[in-house]
Amino acid sequence: MEKKKTRLDAVKRTLMIVVASLIMAINLKSFVRTGGLIPGGFNGLTRLLQEIGVLFLGIEPPFSLINFVLNAAPAVISYKFIGKKFTGYSCLMIILSSILTDIVPESVVVTDTLLVAVFGGLFNAVAISICLFAGATSGGTDFIAIFLSEKFGIDSWNYIFAGNVVILVIAGMLFGWEKALYSIIFQYASTQVLQALYKRYQKQTLLIITQKPEEIYEAIAEITNHDATLIKGIGCYRKKECNLLYSVVGRDEVRKVLNCVRQTDPHAFVNTIRTEGLAGRFYQRPND
């Protein structure tokens, strides 16, 4: 039974990666090419190197060749510090998306550069999100972002965005600032949609006032594997003793916890606060 479940999980993850690879390749050969944009991460660096090859050598190197070389070192880091299965599925994503990008024919969906930048960024984020939900990454800066999140608890997508801007400055100096500025819109749209869709590395603080602290704590521990702190207090209005549970959970776990709190204690009062920074021990589900 366990082996069957493992096989089904592997098939599901593989299919999700195939879909994500196809979306990414189509996006690169339609929206990105049409707008002459430089997308984020190593895909953007690969496109930049292709354009430099055309500009100075008169040839466009294969997308797959450049992308494989760029992702070699991050893949080794991922294998050592993040997980073997995670790295394996990520390499599958890199290989499929790169080869498909070379194979898929170019097509024009819209010609308005602003629409290309916005919707290209949206589809880019969707592809990356599907890949992340499959327990993998699209490679390059995603390896780096997840490594920082795993080891240091940093929500690093905005830092990656800042790094991408450096690539765009080089592109702007070589090929014109208009395309570079539209590429920033592409990357910003992609980053914001990705943060909205994929919340694993974002944290949320829960303040729960309840008459059933033990039951709710057990639910939090079972759902999230996180701890909680019970604080005894006095309600200022009724002057009665009350129980305050304090816990920090992953943002993707909040809905499950809130549903369980409502079922356990319908009269519970819950305040959720976005956690910007966190120091100390915090359980993070392994990628493998």
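Helix α9, residues 213-224, packs against helix α10, residues 254-264, at an angle of about 155°, with the axes 10 Å apart. That makes the two roughly antiparallel, a term for angles over 145 degrees. Axes here are lines fitted to C-alpha atoms over the stretch in contact, and angles run from 0 to 180 degrees between N-to-C directions. Helices are DSSP runs of H or I, at least four residues. The crossing is right-handed.

This is a predicted model, with pLDDT of at least 70 needed for local features and 80 or more for side-chain atom pairs, while totals for chains, interfaces and linings use all residues. Numbering starts from 1 along each chain as its sequence is written, and side-chain values use heavy atoms, without hydrogens or water.

Now, who touches whom? From α9, Glu215, Ile216, Ala219, Ile220, Ile223 and Thr224 meet Lys256, Val257, Cys260, Val261 and Thr264 of α10. Contact means heavy atoms within 4.5 Å.

On to the cores. A nonpolar core is a set of buried Ala, Val, Leu, Ile, Met, Phe, Trp, Tyr and Cys residues joined through side-chain atoms within 4.5 Å; buried is under 20% relative accessible area, with a 1.4 Å probe and protein chains only. The largest has 28 residues. Ile17, Met24, Leu37, Met93, Leu132 and Leu194 touch the most other members. Helices α1, α3, α4, α5, α6 and α8 each supply at least two residues. α5 gives the most, seven. Apart from this core lies another, of 12 residues, including Ile220 and Val257. Both of those residues also sit in the α9 and α10 contact.

Terms used:
Parallel < 35°, antiparallel > 145°, perpendicular 65-115°, else oblique. Left-handed = near helix turned anticlockwise from the far one by under 90°. Buried < 20%, exposed > 50% of the residue type's maximum accessible area, 1.4 Å probe, protein only.
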